[in-house]
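Hi,

Here is the structure I said I would pass on. Have a look first, and then read my notes below.

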Amino acid sequence: MRGLQTRHWLESAVRRTLVPFAVTAISLGAIGYAFEWYAPQAHTLGEVVQQSRT
């Protein structure tokens, strides 16, 4: 086991989840922005869907 670097578990967790978290956050932000543009008066996802049916 000599020569192996021990890393703190938090560092590994952040490195493994940073990209998926960023992709998810950016995607949800873009979807929210699109919904706001499409149905600015809507306050819920159901109202956005209802707007799309009319």
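**What I found**

Of the 54 residues in the protein, 6% count as buried. Keep in mind that this is a predicted model.

The fold is quick to describe: the secondary structure comes to 2 helices and 0 strands. With 30 residues, α1 spans 43 Å from its first C-alpha to its last, which is close to the 44 Å expected at 1.5 Å a residue. There is a bend in α1, though, of about 40° at T17.

Now for the surface. Which residues make the nonpolar patch there? They are L28, I31, F35, L45 and V49, and together they form a patch of about 450 Å². Both α1 (9–38) and α2 (45–53) take part, each supplying at least two residues. The largest share, 3 residues, comes from α1.

L28 is a handy one to click on if you want to find the patch, as it is one of the residues that make it. You will find L28 in helix α1. Is L28 buried or exposed? It counts as exposed, because its relative accessibility is 57% and the cut-off for exposed is over 50%.

Cheers

Technical notes: Residues are numbered from 1 along each chain as its sequence is written. This is a predicted model: local features need pLDDT of at least 70, side-chain atom pairs count only at pLDDT 80 or more; totals for chains, interfaces and linings use all residues. Side-chain values use heavy atoms; hydrogens and water are left out. Patches are made of residues with over 30% relative accessible area and no salt bridge: like charges are joined within 9 Å, nonpolar side chains (Val, Leu, Ile, Met, Phe, Trp, Tyr) within 5 Å. Accessible areas come from the Shrake-Rupley method with a 1.4 Å probe; for residues, only the protein chains shown count as cover. A salt bridge is a side-chain nitrogen of Lys or Arg within 4 Å of a carboxyl oxygen of Asp or Glu. Helices (H or I, at least four residues) and strands (E, at least two) are DSSP runs, numbered from the N terminus. Buried means under 20% relative accessible area, exposed over 50%, partly exposed in between (1.4 Å probe, protein chains only). The expected span of a helix is 1.5 Å times one less than its number of residues. The bend at a residue is the angle between axes fitted to the seven residues ending there and the seven starting there.
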